[in-house]
Amino acid sequence: MKKKTDLELTPDSFSRASTLRELMAKAQHHTQAEQLVLAALPESLAKGTRFVSCRDGELVLSATAATTASQIRFRQHEIMEELRKQELFRFVWKLKVKVAPPRFSERPKAKMTPLTNENARLLKEEAGHTKDKQLREVLEKLASHVRD
């Protein structure tokens with residue numbers, strides 16, 4: 001009978017799982033490369049930028065805004081010169097920047113601004129002239145949001 005696999009991640013299971021070990025090594029290598037790239041970028045551009053990959057001399061970065069991507073492209077020679085000082089990026093000859101907006105962003109909370117007395121009076125007056133009952137109710141409800 002086949003033995004049930006162990007799904008618990010412990011230091012012992014980490015040493016046994018060669019695939020997991022390779023994956024973790026790649027992730028650490030990627031993190032180190034990203035730190036080197038972000039260190040080579042000007043501080044103002046490093047905030048919204050991520051390292052994607054570096055293959056065949058082509059460095060691929062991702063920026064959260066088009067303005068950041070344009071600034072990186074504008075300063076690419078300066079950035080690549082700084083990166084080539086590192087052993088890992090000494091053969092980089094091309095820089096590609098992609099724009100990838102953040103997936104989730106907090107929306108500002110909608111502020112309800114109360115009406116002035118004059119605007120509330122105008123809404124009530126308009127509600128009095130309206131024949132449609134539902135529209136009249138909506139206008140009267142809007143008119144009730146008066147600034148004190």
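Visitor: Leaving aside its neighbours within four places in sequence, which residues is Glu34 in contact with?

Guide: This is a predicted model, and in it Glu34 has its place in helix H2, which covers residues 18-40. Glu34 has a relative accessibility of 16%, and because buried means under 20%, it counts as buried. Once the neighbours within four places in sequence are set aside, the residues in contact with Glu34 are Arg50 and Phe51.

Visitor: Which elements are included in what covers the buried residues of H2?

Guide: H2 has 23 residues and reaches 33 Å from its first C-alpha to its last, close to the 33 Å expected at 1.5 Å a residue. Its buried residues are Ala33, Glu34, Val37 and Ala40. What covers these buried residues includes strand E1 (49-55), strand E2 (58-63) and H5.

Visitor: What distance separates the C-alpha atoms of Gln86 and Val37?

Guide: Gln86 is found in the loop between helix H5 (76-83) and strand E3 (94-99), and with a relative accessible area of 31% it is partly exposed. Val37, by contrast, is one of the buried residues of H2. Although Gln86 and Val37 are 49 residues apart along the chain, the separation of their C-alpha atoms is 9.5 Å.

Visitor: Which element supplies the largest share of the lining of the largest pocket?

Guide: The largest pocket holds about 280 Å³ of space, and 16 residues line it, of which His29, Phe51, Ser53, Cys54 and Arg55 lie nearest its centre. H2 and E1 each supply at least two residues of that lining. The largest share, 5 residues, comes from E1.

Visitor: Why do the buried residues of H6 line one face of the helix, and within what arc do they fall?

Guide: Helix H6 (residues 117-129) has 13 residues and reaches 19 Å from its first C-alpha to its last, close to the 18 Å expected at 1.5 Å a residue. In H6, the residues Ala120, Leu123 and Ala127 are buried. Seen down the axis of H6, these buried residues line one face of the helix because they fall within an arc of 60°.

Visitor: Against which helix do the buried residues of H6 pack?

Guide: An α-helix has 3.6 residues a turn, so residues three or four places apart point the same way. The face of H6 turned away from its buried side carries the exposed residues Asn117, Gly128 and His129. On the other hand, the buried residues of H6 pack against helix H7 (133-143).

Visitor: What percentage of the residues of the protein count as buried?

Guide: The protein has 7 helices and 3 strands, and from the N terminus on its elements run α-α-α-β-β-α-α-β-α-α. It exposes about 12,400 Å², of which carbon and sulfur atoms supply 54%. Of the 148 residues of the protein, the share that counts as buried is 24%.

Conventions: Residues numbered from 1 in each chain as written. Predicted model: local features only at pLDDT ≥ 70, side-chain atom pairs only at ≥ 80, totals over all residues. Heavy atoms only, no water. Helix = DSSP H or I, 4+ residues; strand = E, 2+ residues; numbered from the N terminus. Buried < 20%, exposed > 50% of the residue type's maximum accessible area, 1.4 Å probe, protein only. Areas by Shrake-Rupley, 256 points an atom, 1.4 Å probe, with all protein chains shown as cover. Contact = heavy atoms within 4.5 Å. Expected span 1.5 Å × (residues − 1). Arc of directions from axis to C-beta. 1 Å grid on protein atoms, 1.4 Å probe; cavity = no way out; pocket = protein on both sides within 12 Å on 5 of 7 lines; lining within 4 Å. Points joined across faces, edges and corners; volume = space filled by probe spheres on them.
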